[in-house]
Amino acid sequence: MPIGNLDVPVIGKNVVIAVLVQSHILFATFIIGAVLIAATSEYLGMVTKQNNYERFARNLARFVVLLFASGAALAVTFVLALVTLFPVFFSILQNIFFWVFLVEAFMFLGQIIIVYAWYNVWDKLAYRKSLHVVFGFIAGFFGLMAMTMIDAVASFMLTPAEVTSQADLVARSFLNQTMVPLNMHRFIGNFSYVGFLIGGWAGFRYLRTTREDDREYYDWMGHFGLLWGFGFLIIQPVIGYGYLKGIRESAPESFNTIMLGDKSWVFNLLVIWIAVLSIASTAYFVHKLRFAIKPMETLRKLSVGALGFTALFTVLNIIPANANLVPQIGLVFGQGEDTQIPLGSMYPWKYIGLIGLMLTGFFVVALYLRASATGFYWGRASRWSQIALMSCAFFVVLTMVTMGYTRETARRVDNDPAYLINGCVKLDQTLVKEGCPTKPITEEGKGG
Amino acid sequence: MELALLLQEGSTGDPTAIGIFHFFAGFFLIITIYSSFLGFTYWIGKDE
């Protein structure tokens, strides 16, 4: 007996999928980024002979092994929920992306095997360290490939490819208009997200520990995590711009919804989170420069200036374009969309803000790396600097969740109709023939 | 800019109370699942 069109009481089936996927992605991204950072750290430990790198890599690898089950369980639950709640939609995806899903499954399998082997042979391969490091990087590679496969599906849902023949369906759908920028955005994001989380964890442990050697270690770990977090964050605006440009060209209604329309508040939220991340990171760097082994007062003064510029540029990014702030909850002032706020428009102010933020970020990271070359006195960081690290970890999670919501809500446009595959499959799983660029989906007996 | 305003015309977003409830319920669940799984992993991993 068919189970029919199921719904979920109270929260509805859309929220079920959103919750499972967003939770899963927070773990999946962590695992991919952490494996790559841990492998890099192990390599650095091998080259520099500094014990902190090795200790950190091993502990992180252990945490990844333990965490793997949570991420995988959520993935399986998500697929089960999708098959049960959106069976028609899932069958359409399977018809297009069968090979992609198959490759993803094997990449996932490869990642599990190599990650477990990597951690388990840590001592056995202690005298063949190069080989062991390669294990870590291969595990990271498998993770990245799995991410690439699912990015093809996720980007296709927002910007379905223009396909007229069945023969082109798989290849063109895989390399749809926003697949490459999304994949690049997530590739960089892996490192940034995990870096901030590592920094936050180190800050928490630093404040709690009573042992001097642990204080030194966690102080170093906070510095190491934040370098990954902030170092990769400042690359993101350029790649994010490329991604948004792809969306604007291929799905202009979606672009307008999230950038100019009723859902543009998600971007205002996003830049608030990024403002906190940038200011807290720069403030941490300024603080840390006080403890450089070789005193660098000029560098420190320059970084104080950079902190001021960071604050200025982030404020420029936050200013909303008009007084129609969050119409969904009635947060509208003046004449709403007609009340323009000074310095709020995208061009030129947001561009100046984002480019300025990047340039200042590169400048401050360069200064900080210059100071790192001669080293720091570890274990003397202030309480506030560790709170800055912890707040970065908190806000990077909000950034991830907000970005995920933004991409998925972009297909809603004005909810009339909302789409599962933009312009092709509606939220109620019915097909739309007119205007769907991927013709085989709507041709009976072929794609869908 | 006119194009943007034209596209927004008649836009309703998702202004219902149930929509707002779904948004916050979803967010709460994500954060709960995330923090509890992380906490659990930390708990089973400590005592080295």
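Modeller: The model discussed here is predicted. A:K49 is situated in the loop of chain A that runs between α1 (12-48) and α2 (51-85). Its backbone deserves attention: phi of A:K49 is near 65°, a positive value in a residue other than glycine.

A second residue of chain A may be set beside it. For A:L343, too, phi is near 65°, again a positive value in a residue other than glycine. A:L343 belongs to the loop between β2 (331-332) and α12 of chain A. With 13 other C-beta atoms within 10 Å, A:L343 is partly exposed.

A:Y347 and A:P348 are joined by a cis peptide bond, with omega at about 5°. A:P348 itself has its place in helix α12 of chain A.

Helix α12 also has a packing partner. Two packed helices are described by the angle between their axes and the distance between the axes. For helix α11 (residues 297-318) and helix α12 (residues 346-372) of chain A, the angle is about 155° and the axes are 8 Å apart. Since angles over 145 degrees count as roughly antiparallel, α11(A) and α12(A) are therefore roughly antiparallel to each other. Their crossing is left-handed. The residues of the contact between α11(A) and α12(A) comprise 14 nonpolar, seven polar and two charged.

One residue illustrates the setting of helix α11. A:T310 is located in helix α11 of chain A. A:T310 counts as buried because 24 C-beta neighbours are found inside 10 Å, where the cut-off is 20 or more. Apart from its neighbours within four places in sequence, A:T310 is in contact with A:S278, A:I279, A:T282, A:L357 and A:T360. By way of a separation within the chain, A:T310 and A:G375 are 65 residues apart in sequence, and their C-alpha atoms are separated by 25 Å.

The partner chain remains to be described. Chain B has two helices and zero strands. Of its 48 residues, 10% count as buried. The contact of the two chains takes 28 residues from chain A and 24 residues from chain B. On the side of chain B that touches chain A, α1 (2-8) and α2 (17-45) each supply at least two residues. The largest share of that side, 14 residues, is provided by α2(B). By class, the side of chain B that touches chain A has 13 nonpolar, 10 polar and one charged residues.

Finally, there is the matter of confidence. The model scores ipTM 0.83 and pTM 0.93. The average pLDDT of chain B is 76, and 65% of the residues score at least 70. Over residues 6-13 of chain B the pLDDT is below 50, while this stretch has 17 contacts in the model beyond near neighbours in sequence.

Conventions
Residues numbered from 1 in each chain as written. Chains lettered and ligands numbered in written order. Predicted model: local features only at pLDDT ≥ 70, side-chain atom pairs only at ≥ 80, totals over all residues. Axes fitted to C-alpha atoms, helices over the stretch in contact; angles between N-to-C directions. Helix = DSSP H or I, 4+ residues; strand = E, 2+ residues; numbered from the N terminus. Parallel < 35°, antiparallel > 145°, perpendicular 65-115°, else oblique. Left-handed = near helix turned anticlockwise from the far one by under 90°. Nonpolar A, V, L, I, M, F, W, Y, C, P; charged D, E, K, R; others polar. Contact = placed C-beta atoms within 7 Å. pLDDT = per-residue confidence, 0-100. Buried ≥ 20, exposed ≤ 12 C-beta atoms within 10 Å, placed from the backbone.
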